[in-house]
Amino acid sequence: MRVPVIVDEAPVPPPAPHRTAAPTAATTIVAVRTALPPYRYTQDDLTERIGDLCLPAEADRSVLRRLHASAGVRTRHLALPIEKYAALGDFGQSNDAWVAAGLELAEEALTGALQEAGLRPADVDLLVCASITGVAAPSLDARLAGRVGLRSDVKRLPVFGLGCAAGAAGLARVHDYLRGHPDDIAVLLTVELCSLTLQQHDASRANLVAGALFADGAAALVARGRGSGGDGRSDGGCAGPDMTGPSVVATRSRLYPGTEQLLGWDVGASGFRVVIDPSVPGLVRDHFGRHVNGFLAEHGLDTEDIATWVCHPGGPRILAAVTDTLGLPDGALDSARQSLATVGNMSSVSVLHVLQNTMQSRRLAPGAWGLLMAMGPGFCSELVLLRW
């Protein structure tokens, strides 16, 4: 059944005078590093194996095969070898696997990002750690601290519930923190092992869609405040002037009232059962563009001023809806489509994977604008305006 959608129709403010000079940056992104599990599979390798896990032996698999063929995914990485998933008998076993594999990937992503930034674990003042695919107390960040050598007085913020939006929302909250603590170094760490939430013996369309799209990974983003760089720390450059990352100019969060049931989890004895309503792309197409355009207008910009779009690769239908609602040219979201094709949808990790690839592969002119954007449960959207 289609869920009624009621959205806030607040008026979009008129465009501000076009601004050519960037405001003083409070946050500079100095490194992003993604870590992927060693178990890599092609989409074709996984289709029948996921069918074995989710469908009765006698079931028609034509829908499953169409979903996998149209998902825009060529290869994915899983937390465990595919043959081990059938032995995960309950939520406790899946969550134990999330803790074990998640810590390994988190350590790899965090230490790699700090090394790229020329920093030590002891330099980190704030660690924000986001995941929606498992739970732990002590949280992953607390378990990680001693393993990698974080200070005992490091500030920690574990985050659950933002889902795919957490990569963008986490960066926005890191920016908020660094505005008030300009001498500090902050890290955003996202860990998502989506494969461990796949529901066995569940032939629902939402579960099959998740099984066609989602994958596993972790990412760490290192950011410095305006005043950081003393006390023996690096000056914030990653590996030289060509690797200096973008600055955060502004952020915007948006909740869409009446849409709470469209995306998220139904939590039960078997763990996290995915909720993906088919009306989500329509919601994006009808309303997301208005909110993006309003946000840009507040800064004297429009879509033609954005040199690079860093978009969470939610799936082909979401990317098509974003392209349509913003009136983007062909190829504007190719970085997101490439990420989806090579590593699948890794929830909150994916937008950071796209950002990493953008920073490594694109030579953007000084002063170029970028917009990082993601959507998630709530239903919500998160925008981060960047400038190189």
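Is F272 buried or exposed? At 5% relative accessibility, F272 counts as buried; the term buried means under 20% relative accessible area, exposed means over 50%, and partly exposed lies in between (1.4 Å probe, protein chains only). The model is predicted, so local features need pLDDT of at least 70 and side-chain atom pairs count only at pLDDT 80 or more, whereas totals for chains, interfaces and linings use all residues. Residues are numbered from 1 along each chain as its sequence is written, and side-chain values use heavy atoms, with hydrogens and water left out.

**First selection: the aromatic pairs**

Rings of Phe, Tyr and Trp (its six-membered ring) pair if their centres lie within 6.5 Å; planes under 30 degrees apart count as stacked, over 60 as edge-to-face and the rest as tilted. By this rule there are four aromatic pairs. Select F160 and F272: their ring centres are 6.0 Å apart and their planes meet at 40°, so the pair is tilted. F160 lies in the loop between β5 (155-159) and α5 (166-180), and F272 in strand β10 (residues 271-276), so the pair ties together parts 112 residues apart in sequence. Helices (H or I, at least four residues) and strands (E, at least two) are DSSP runs, numbered from the N terminus. F160 is partly exposed, at 46% relative accessibility.

Next, select Y256 and F379, a tilted aromatic pair with 5.7 Å centre to centre and 55° between the planes. Y256 lies in the loop between β8 (247-255) and β9 (263-268) and F379 in the loop between β12 (369-376) and β13 (380-387), so this pair links parts 123 residues apart in sequence. Y256 is buried at 3% relative accessible area, and F379 is buried at 2%.

T197 is found in the loop between β6 (185-193) and α6 and is buried, with a relative accessible area of 9%. Leaving aside residues up to four places away in sequence, T197 touches T133, W265 and F272; contact means heavy atoms within 4.5 Å. The T197 side chain also reaches the backbone oxygen of C194 at 2.7 Å.

Finally, select residues 334-343, where the buried residues of α9 are A336, S339, L340, A341 and V343. Their cover includes β3 (75-78), α6 (205-213), β11 (306-311), α8 (316-326) and α10 (348-361). Just after α9, G344 takes a positive phi of about 75°.

Definitions and conventions. Polar contact = N/O pair within 3.5 Å; in protein donor to acceptor, adjacent residues only side chain to side chain.
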